[in-house]
Amino acid sequence: MTGKDLPFHHRKHDEEVLPHATKKTMADHLRKYESLFTLTPQRMRMIVDAFEETLDKGLQKFGEVVPMIPTYVFGWPKGSETGSYLALDLGGTNLRVCLVMLQGDGKFEITQTKYRLSEEQKQEEGELLFDFCAKCLKTFVDSYLADFDLQGAAIPLGFTFSYPCEQERIDHGKLIRWTKGFGNLNVEGHDVAAMFRHSLEKFEVPIQLTSLINDTTGTLIASHYVNPRTRIGVIFGTGCNAAYMEKIGNIPKIKNLGLPDDGEMAINCEWGAFDSFTHEHLPRTKYDIDIDQSSNKPDEQAFEKLISGRYLGEIFRLVVCEMIDDGSIFLGQNTYKLEKPYVLETAFLSLMEADPTDELLTVVGIFTHFYGLETTLAERQFFRALARLIGTRAARLSACGIAAIVSKMGYLNEGCDVAADGSLYSKYPGFPERVHQGLVDIFGPKGQNIRTVHAEDGSGVGSAIIAAMTNERREAGIFPNC
Ligand code: GLC
């Protein structure tokens, strides 16, 4: 909805109830936020150019802001990988344990258990977090694999650890920095694979950690297993990131390994870090700056903070709080419940945008039920339009990231599929369509050649496929030190 579509707001009735409300109409407010949150095609193209340069830089040397991490996942799966693998997925919100049975021919079966991580668990001593992972895995193995004849062998496990890790080989990964609000102590700078192995030994879990991967790499590989047109894997969830397949010859920083130039390796971009520290390219509003500065990692993950599900609800809340402060809304009501950071979840933005009723009854419900606040119809229309602005900006910035990889790799003319996953992509109404529109705004009609497709379960199935690929590669003696 644009400002023009917003019905004119007669405050007559409200003014009787709320005599101090400002005269400014909600439509006026909306116009202001429209100009703050709208990204023009021209601005998007500028972002894409800077993004592409940054991606190239990350491949040149270690320690760049966008680290372009070599994953030691060599090339695409064949689709014929088979066998049973465990996958452990430490994402942003949940811990998941999966048993994946790869049946070849692009088919698989999966059994899984999910645990929600508490906020305390995200901040405690790192060793405790990995102990928790090992204990969950043990419970799973005891209940699902008790009848499995392992013939003395340890079960191969793919560990999906979705944070930036610099890898020396596939079963190693030094955490560069926590993202997505995690802050567990004594993990940054350490090899998380070794820490996890230590916990597995402590609790005597009969598991062999075969590979450590990122959710984006898993998404790329799992989707290619079933759809070989896949070229890029992206996650739009609690965090935001992408992976793609690169020619080894185009990764100068690993030249010393002596790998064949014409071979291929997946790169975990960690693009959430784009524009961190310098803040030169992205259009940040004061709400974005506020979120950034009060986060546990100020100045980091600049791109992610404008896009991912962890932050969109909070951006919305900060705008609303500003309007409360300047007396534009909720005068005379007690707003303390809404004044607590992060109480407004991105899922509420999805619900507001999806509200099918003329009276916007879902929006009524959210504000009364969760925050004890009464709203007028004009306010609710404004809230929905604001959610739309924030959600659309996120989708259009996401399109910029995808466009940078497409343009760098020359995929535009031929077209390709982009495997996408995460709550924002799969649950936020209109998100995929807005990304597509963004790609067309950047590239013109050819942007339609780039399709996003809801991905297979990259963190579970992808992890298993990569464990299988790694075992095969090791058995064949290929790149044994990787
Ligand atoms: C954050 C993490 C990254 C992950 C993404 C999506 O950006 O740093 O590793 O892929 O979130 O989960």
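Modeller: Two strands are said to pair if DSSP finds at least two bridges between them, and this criterion is applied here to a predicted model.

Colleague: What makes β10 and β11 (residues 264-268) a pair, and in which sense do they run?

Modeller: DSSP must find at least two bridges; β10 and β11 are joined by 5 bridges in the antiparallel sense, so they meet the definition of a pair. Within this pairing, K247 stands opposite E264 in β11.

Colleague: How many bridges join β9 (residues 230-236) to β10, and what links the two strands?

Modeller: There are 5 bridges between these antiparallel strands, with V234 having A242 in β10 as its bridge partner, and a hairpin of 3 residues joins β9 to β10.

Colleague: Why is β10 (residues 240-247) called mostly covered?

Modeller: A residue counts as buried at under 20% relative accessible area, and 7 of the 8 residues of β10 are buried, so the strand is described as mostly covered.

Colleague: How do you know that the buried residues of α7 lie on the same side of the helix?

Modeller: In α7 (residues 286-293) the buried residues are Y287, D288, I291 and D292; they cover an arc of only 135° around the axis, which means that they are on the same side of α7. These residues pack against α2 (26-37), α8 (304-307), α9 (309-325) and α12 (377-409).

Conventions. Residues are numbered from 1 along each chain as its sequence is written. This is a predicted model: local features need pLDDT of at least 70, side-chain atom pairs count only at pLDDT 80 or more; totals for chains, interfaces and linings use all residues. Side-chain values use heavy atoms; hydrogens and water are left out. Buried means under 20% relative accessible area, exposed over 50%, partly exposed in between (1.4 Å probe, protein chains only). Helices (H or I, at least four residues) and strands (E, at least two) are DSSP runs, numbered from the N terminus. The arc is that of the directions from the helix axis to the C-beta atoms. Contact means heavy atoms within 4.5 Å.
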